[in-house]
Amino acid sequence: MTQPKTILRALAGEPLPTPPIWMMRQAGRYLPEYKATRAEAGDFLSLCYNSDLATEVTLQPIRRYGFDAAIMFADILLVPQALGADLWFVTGEGPRLSTISDESDFAKLGGADDIHDTLAPIYQTLRNLRGALPHETTLIGFAGAPWTVATYMIAGRGTPDQGPAHALKAAHPDVFDALIQRLTDATIEYLSSQIDAGAEVIKLFDSWAGSLKGDDFDRYAIAPAARIIAALKQRHSDTPIIAFPRGAGERYAGFAQATGADCVAFDDAVSAEWVAEKVQPDGCVQGNLKSSHMVTGGEKLVRETRRIVEALRNGPHIFNLGHGITPDADPANVQLMIDTVRGA
Ligand code: 1CP
């Protein structure tokens, strides 16, 4: 059966003459219409849990640019909150959570099956979007990978080197492993419910995978992703999964095979040419353009965009940035990137 949606065709392994395109953090503060809706919601978490407004901000970049995919508006830190952690956002700084430093902190968390009441508005956002998106646009659901989410739960905030998580792993390996297990189980339940609510593709964000070295990468990046993907494939065999072990470097090679992911998303620290040789033979790839080009634009943006398209043109490829677009980006540069990909 031919699949009409370009993203789903690429994820099924088909090289396309023009790669489909979407952008990490495509709904965000670089867009004036996002800032207006966020102001209406009051604060960031209220926006995530207001299904009507979350639907609206998800649709904004689709209306403005016609991206091939929409990613539901939510955040990876809603799962810790659904497990009972305190969560709040400090304007201009970022997320803050209650911390986990020993067995008694871990014991306060709820079970993997207890998350759905808190997360019900997210499932409603997905149902809204399935009714509102153009028929050619693919709907992506997502979650954070267990290691990345654990780094925030342990430290209570974002950290440059994930030091507190590495320290807990060394000092209380039982607590650390139990937390990874709980997050793995909760993530399976959350993503499975997202698919039931209408997500057509799932993306697993392991934004801090790069700080896991050697065996730790196998135990805490590969193993949980493999378990999540196997469980989802058992329940929803047709739903493709994109894995993003950001900063994995050489470990991007073999990641799709080791985890069962249909697509590996990669950052800008590896070259598209290397990915074409070492990663793309195993399936679809996505990523690479430096987010800073969305700030600086011009001839360099056009050149780099063309280079990535060219390097990956012989295999399945979804065009994307190497990481999320930043609030200082110029919306006109996003249009230039899209025009370059589609005209290339
Ligand atoms: O002020 C604002 O409006 C808040 C900025 C913001 C936005 C737009 C945050 C806070 N989260 C989001 C939305 C978001 N987060 C999406 C929505 C869909 C889209 O891409 O358009 C997604 C997929 C995420 C995922 C997310 N949240 C990740 C993984 C991807 C990545 O960027 O590496 C991570 C690490 C987070 C945590 C988080 N949430 C927000 C911030 C500023 C952070 C990072 C904090 C830190 O590390 O210090």
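Student: Is Asn288 buried or exposed?
Tutor: This is a predicted model, in which local features need pLDDT of at least 70 and side-chain atom pairs count only at pLDDT 80 or more, while totals for chains, interfaces and linings use all residues. A residue is called buried under 20% relative accessible area, exposed over 50% and partly exposed in between, with a 1.4 Å probe and protein chains only. Asn288 has a relative accessible area of 7%, so Asn288 is buried.

Student: Which strand holds Asn288, and what is its phi?
Tutor: Residues are numbered from 1 along each chain as its sequence is written, and side-chain values use heavy atoms, with hydrogens and water left out. Strands (E, at least two residues) and helices (H or I, at least four) are DSSP runs numbered from the N terminus. Asn288 lies in strand E8, residues 284-289. Although Asn288 is not a glycine, its phi is positive, at about 95°.

Student: Where is Gln162 found, and what is its phi?
Tutor: Gln162 is found in the loop between H8 and helix H9 (163-171). Its relative accessible area is 2%, so Gln162 is buried. Gln162 is not a glycine, yet its phi is positive, at about 55°.

Student: How many residues of helix H8 are buried?
Tutor: Helix H8 covers residues 146-155 and is mostly covered. Among its buried residues are Trp147, Tyr152 and Met153. Just after H8, Gly156 takes a positive phi of about 85°. The count of buried residues in H8 is 10 of 10.

Student: Which residues touch the most other members of the largest nonpolar core?
Tutor: A nonpolar core is a set of buried Ala, Val, Leu, Ile, Met, Phe, Trp, Tyr and Cys residues joined through side-chain atoms within 4.5 Å. In soluble globular proteins, nonpolar side chains tend to be buried together. The largest core here has 124 residues, and those touching the most other members are Val334 and Met337. Helix H10 (residues 173-197) gives this core its largest share, 11 residues, but the residues asked for are Val334 and Met337.

Student: Which residues does Met337 touch?
Tutor: Contact means heavy atoms within 4.5 Å. Residues up to four places away in sequence are not counted for Met337. What remains is Ile21, Met23, Leu289, Met294, Leu301, Thr305, Phe319 and Leu321.

Student: What does Ser193 touch?
Tutor: Ser193 also lies in helix H10. At 18% relative accessibility, Ser193 counts as buried. Not counting residues up to four places away in sequence, Ser193 touches His116 and Tyr123.

Student: Which side chain makes a polar contact with the side chain of Arg235?
Tutor: Arg235 is found in helix H11, residues 215-235, and is partly exposed with a relative accessible area of 43%. A polar contact is a pair of N or O atoms within 3.5 Å; within protein, one must be able to donate a hydrogen and the other to accept it, and residues adjacent in sequence count only if both atoms are side-chain atoms. Arg235 and Ser192 are 43 residues apart in sequence and 7.6 Å apart in space, C-alpha to C-alpha. The contact, at 3.3 Å, is with the side chain of Ser192.

Student: At what angle do H2 and H4 pack?
Tutor: Axes are lines fitted to C-alpha atoms, for helices over the stretch in contact, and angles run from 0 to 180 degrees between N-to-C directions. Angles under 35 degrees count as roughly parallel, over 145 as roughly antiparallel, 65 to 115 as roughly perpendicular and the rest as oblique. H2 and H4 are therefore roughly antiparallel to each other. Helix H2 (residues 32-41) and helix H4 (residues 51-65) have axes 10 Å apart and pack at an angle of about 175°.
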